[in-house]
Amino acid sequence: MKNHLKAWDGLFIQYRPFLVSFAFRIMGSLSEAEDLVQETFLECARFAPSEINNHKAWLTKVCSNKSLDHLKSAYKKRELYPGNWLPDQVPERLQVWHHLANEDLPENKVMQSEGLTTSFLLMAERLTPEERVVYLLKEAFGYPYKEIGEFLGKNEAACRKTAQRAREALDSGKKFGDPPRGAEKLIAEFFALAKQGDAKKLAQMLASGSKLWGDGGGKVAAAGFIQGADRIARYFIMLAGLPEFNSDGYKVEFHRVNSRPGMVISRQLPSGLWAFDTVTSFEFENDKITRIYGQRNPEKLDALRLGFRSWITSLSVPLGFSP
């Protein structure tokens with residue numbers, strides 16, 4: 001059988017950002033999303049591009065079906081995960097689909113939408129694999145139920161029922177609106193107050209029922225789960241007072257992370273290169289911080305750095321960030 005992969009090279013470059021965006025929403029992990037997209041394109045080896053009428057739809061169909069098995073395996077692994085599992089926290093300017101941001105395509109708005117937030121990705125974990133895939137295809141990417149049914153080998157009515165179950169499950173979770181204007185400045189002020197040790201003012205920037213999650217993967221110290229403005233304020237004061245965060249070997253930068261305001265802490269390696277130490281996203285309610293998600297698992301952060309270094313260096317635009 002003839003291998004047609006070479007003939008797909010141009011289409012791979014064209015549709016890879018879209019598929020990674022889709023797969024990341026499904027998996028909540030960039031490394032798993034990359035694996036899923038790679039398997040999708042390996043499927044292309046059996047077909048010449050000329051045999052397929054709609055390449056994007058066909059690739060989405062393949063990716064959707066492969067994701068069902070991937071999700072089942074991923075959910076089982078997360079049951080055994082040490083500590084709190086968090087979706088990957090991805091600085092926006094490192095996202096593989098960032099280079100599309102200035103192109104006027106409808107799907108680009110989808111790629112930067114609420115479906116990338118950590119809160120949404122965590123809520124999506126309560127869905128079955130089929131519910132998650134159907135919901136994302138319909139609500140995030142706008143496919144009609146008839147086409148979703150064709151993707152998954154289901155009838156249209158069954159897909160509608162699956163999507164309805166997913167909406168009901170997600171509607172029971174807490175949702176947060178867009179962050180306030182100047183949210184990055186608020187986060188910078190929050191961290192500055194932590195370094196000053198001002199627990200009272202720090203707590204005032206937090207909602208009364210605010211929550212903090214930290215994912216260390218059982219490999220490094222992390223916050224775990226902390227609830228309440230006063231407790232979170234004390235934790236950040238402790239964190240900001242550590243010697244390493246007051247040395248030239250660490251730096252703090254403010255970026256959008258998972259389509260929300262965020263903070264990236266990097267440490268300098270003996271080689272002089274910088275590596276991620278913590279990547280954090282913030283969500284707001286009534287102009288107060290209500291959710292904080294901190295990714296510290298070094299395996300996840302290394303996968304983020306290594307997986308995107310080749311892509312980053314190939315871009316002609318300056319990124320203004322040292323991964």
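How many of the protein's residues are buried, as a percentage? Buried residues make up 53% of the 323 in the protein, where buried means under 20% relative accessible area, exposed means over 50%, and partly exposed is in between (1.4 Å probe, protein chains only).

A quick word on ground rules. This is a predicted model, in which local features need pLDDT of at least 70 and side-chain atom pairs count only at pLDDT 80 or more, while totals for chains, interfaces and linings use all residues. Residues are numbered from 1 along each chain as its sequence is written, and side-chain values use heavy atoms, with hydrogens and water left out.

**Overall layout**

The protein has twelve helices and six strands. Helices (H or I, at least four residues) and strands (E, at least two) are DSSP runs numbered from the N terminus. Take the contacts (heavy atoms within 4.5 Å) with a separation of 6 or more: residues 24 or more positions apart account for 65% of them.

**H1 against H3**

Helix H1 (residues 9-27) packs on helix H3 (residues 55-79) at an angle of about 35 degrees, and their axes are 10 Å apart. Those axes are lines fitted to C-alpha atoms, for helices over the stretch in contact, and the angles run from 0 to 180 degrees between N-to-C directions. The crossing of H1 past H3 is right-handed; that is the clockwise case, while a left-handed one has the near helix turned anticlockwise from the far one by less than a right angle.

On the H1 side, the residues involved include Tyr 15, Phe 18, Leu 19 and Phe 22, and they meet an H3 set that includes Leu 59, Cys 63, His 70 and Leu 71. By class, this contact of H1 with H3 has twelve nonpolar, five polar and two charged residues. For those classes, Ala, Val, Leu, Ile, Met, Phe, Trp, Tyr, Cys and Pro count as nonpolar, Asp, Glu, Lys and Arg as charged, and the others, Gly among them, as polar.

**The cores**

Which residues touch the most other members of the largest nonpolar core? Leu 59 and Ile 148 do, in a core of 56 residues. H1 gives the most to this core, with ten residues. Apart from it lies another core, of 27 residues, with Leu 212, Ala 223, Leu 239 and Phe 282 among them. A nonpolar core here is a set of buried Ala, Val, Leu, Ile, Met, Phe, Trp, Tyr and Cys residues joined through side-chain atoms within 4.5 Å.

Back to Leu 59: setting aside residues up to four places away in sequence, it touches Trp 8, Tyr 15, Leu 19, Thr 40, Phe 41 and Cys 44. Cys 44 itself is buried, with a relative accessible area of 0%, and Cys 159 is buried too, at 1%. As for disulfides (a pair of cysteine sulfur atoms within 2.5 Å), the count comes to zero.

Ala 33 sits in helix H2 (residues 30-42) and counts as buried, at 0% relative accessibility. Not counting residues up to four places away in sequence, Ala 33 touches Val 20, Ala 23, Phe 24 and Met 27.

Over in helix H9 (residues 183-196) you'll find Phe 190, buried at 1% relative accessibility. Leaving aside neighbours within four places in sequence, Phe 190 is in contact with Leu 202, Met 205, Leu 206, Phe 236, Ile 289 and Ile 292. Glu 189 also lies in H9, but this residue counts as partly exposed, at 42%.

Gly 224 is in the loop between strand E1 (206-215) and strand E2 (225-227). Leaving aside neighbours within four places in sequence, Gly 224 is in contact with Asn 84, Leu 212, Trp 213 and Gly 214.

Here is how these residues pair up, C-alpha to C-alpha:

| Pair | Apart in sequence | Apart in space |
|---|---|---|
| Phe 190 and Ala 203 | 13 residues | 9.3 Å |
| Glu 189 and Leu 202 | 13 residues | 8.9 Å |
| Gly 224 and Trp 213 | eleven residues | 5.5 Å |

Most residues other than glycine have a negative phi. Asn 286, though, has a positive phi near 55 degrees, and Asp 287 has a positive phi of about 65 degrees. Asn 286 is in the loop between strand E5 (274-285) and strand E6 (288-295), and Asp 287 is in the loop between E5 and E6 as well. Are they buried or exposed? Asn 286 counts as exposed at 71% relative accessibility, and Asp 287 counts as exposed at 55%.
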